[in-house]
Amino acid sequence: MADKVRPYWQNYIGGAWADGSDGTRITVTDPATGEPIAEVARGTAADIDRAVAAARRCFDSRVLRDLRPHRRGDLMVEVARHLGDLADEIALVECRDNGKTLAAGRAEVALTQRYLQYYSGLADKLEGRQIPLGADYLDYTLHEPYGVSAQIVPWNGPLPVGARSIACAIITGNTVVLKSPEDSPLSLFLLAEACHRAGVPAGAVSIVCGYGAEAGAALVSHRDIDHIVFTGSVETGKSVLRAAAERVIPCVMELGGKSGAIVYADADLERTAASATRGIFHHAGQICSAGARLIVHRSIHDDLVGRITELAAKRSVGPGIEGCDMGPLINARQLDRVETLCRVGVAEGAALVMGGARLPGLKGHFMAPTVFADVRPDMRIAQDEFFGPVLVVLPFDTPEEAIAIANGTDYGLAAGVYTRDLRLAHWTADRLVAGQVYVNEWWAGGVETPFGGMKRSGYGREKGQEALLGYVQTKNVAIRY
Ligand code: NAD
């Protein structure tokens, strides 16, 4: 088991490791202690330019595109194998730069391997159509890669989020320049190392860490990219879309959420409480699809809130490296934001049942698990994304009212239903405006199930077979004999 984080990490550009163009570095800190743990080369606009040029050369050489598709898939299996060899180090860096537990870090490696293997299996299954046009014609469609795919990844799950996009791009014959998040860049450098060891062609995958406003903006506005995959906040997403609009290039947008689950009166309360507790407190709520709102039938509201607070109180909060159940928030800015929004909730008249403030006596950015009850849908805490361990519980009386509350935010990422009545579950799922609906288990699904947003949560899909369609463009070939 690796026990030390390497002190310095370079960017991976065109198949080689490189310092930043101006030699400056970004300091990475441990959110559990606030102390520096490593430095990474600071990717500049010039570094992005070099990475895009390498990706363009690789794409134009057709080295990936002309391969039998299953050979592109084989490459991803090799990446997964080498990632396995790096699993201990990845788990460690996920603990130290991201605040996860070692177990969660290892689970992320396994999840990432699943993505790589799943898309490897799909590499030779993306088929076109033959369209009948009568005698003297042959017509067929091709799924062609866009070219250079620019990918921007958030800090909360960089490894699986980055790897699934890279896998989709590579098996469809695109090349990739990925900008890793400045707060937690380390695991993606280990993915780059796995790509290198696996023999992914030089330039097919470049990974550059840099600040969003500098390297990120340079990447999405680069004249030589053909496609953007962005995962992050709505506000940043809008500026990415403006850059894409200038060049009229397609985007997959995976944005924020304020996902809510409806709990009907007949739900299994013990299982619902366990599922809802995990849905909001896993990774301290720093997950785009966290179950941030619980919309609960008034007759069981107090009972369920009691069960959830009991379960939440049993969770140990502290550094992931020490095996605590819940780690820190990513940085001081985010901790301030979550705490401020909690104060707004109290001022708005919501009932603060537990938490509501940072944990005293710990050096890192630790927020107490927080539950607000009797929340009204028009309160800010019911509308704004916390991206922290804060659950808001809203009572309802009728199913129609529950649907209106669930759909009553700008977001549409995930939604849930807890009930024993399958007919009611279908009725509800049909009316929820969200890219995915979980019934009786938050985060039911897997790498095979399409994931993405409606409304302000974005468009396009990651995961599952649907994701591949976001990485190819259709060409129709009509032949007159
Ligand atoms: P963020 O938008 O601040 O940053 C995301 C990425 O964009 C980072 O790599 C950042 O460096 C980069 N960036 C910042 N400014 C940029 C610019 N002008 N041009 C290009 N890139 C720029 O988000 P965050 O705080 O890192 O992540 C949290 C947000 O991401 C939350 O809103 C969360 O819901 C969302 N998220 C969504 C999904 C999903 O799949 N829908 C997954 C994870 C996170």
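The UniProt annotation "domain: Aldehyde dehydrogenase", from an unreviewed entry, covers residues 17–477; UniProt positions are given in the numbering used here, feature names are shortened, and annotations may be inferred rather than shown by experiment. This is a predicted model, in which local features need pLDDT of at least 70, side-chain atom pairs count only at pLDDT 80 or more, and totals for chains, interfaces and linings use all residues. Residues are numbered from 1 along each chain as its sequence is written, and side-chain values use heavy atoms, with hydrogens and water left out.

**Chain and domains**

**Interface between the domains**

- In domain 1, 21 residues are in contact with 22 residues of domain 2, contact meaning heavy atoms within 4.5 Å.
- The size of an interface is often given as the accessible area lost when the parts come together.
- Domain 1 and domain 2 bury about 1,700 Å² between them, 62% of it on carbon and sulfur atoms; buried area is the accessible area (1.4 Å probe) that two parts lose on being put together, summed over both.
- Pro31, Ala32 and Trp155 lose the most area in domain 1 to domain 2, together 30% of what that side buries.

**Polar links and salt bridges**

- The interface of domain 1 and domain 2 has 9 residue pairs in polar contact, both residues at pLDDT 80 or more. A polar contact is a pair of N or O atoms within 3.5 Å; within protein, one must be able to donate a hydrogen and the other to accept it, and residues adjacent in sequence count only if both atoms are side-chain atoms.
- Helix H3 (residues 87–98) gives the most to the side of domain 1 that touches domain 2, with 5 residues.
- The structure holds 31 salt bridges, each a side-chain nitrogen of Lys or Arg within 4 Å of a carboxyl oxygen of Asp or Glu.
- Between domain 1 and domain 2 the count is 1 salt bridge.

Note on methods. Helix = DSSP H or I, 4+ residues; strand = E, 2+ residues; numbered from the N terminus.
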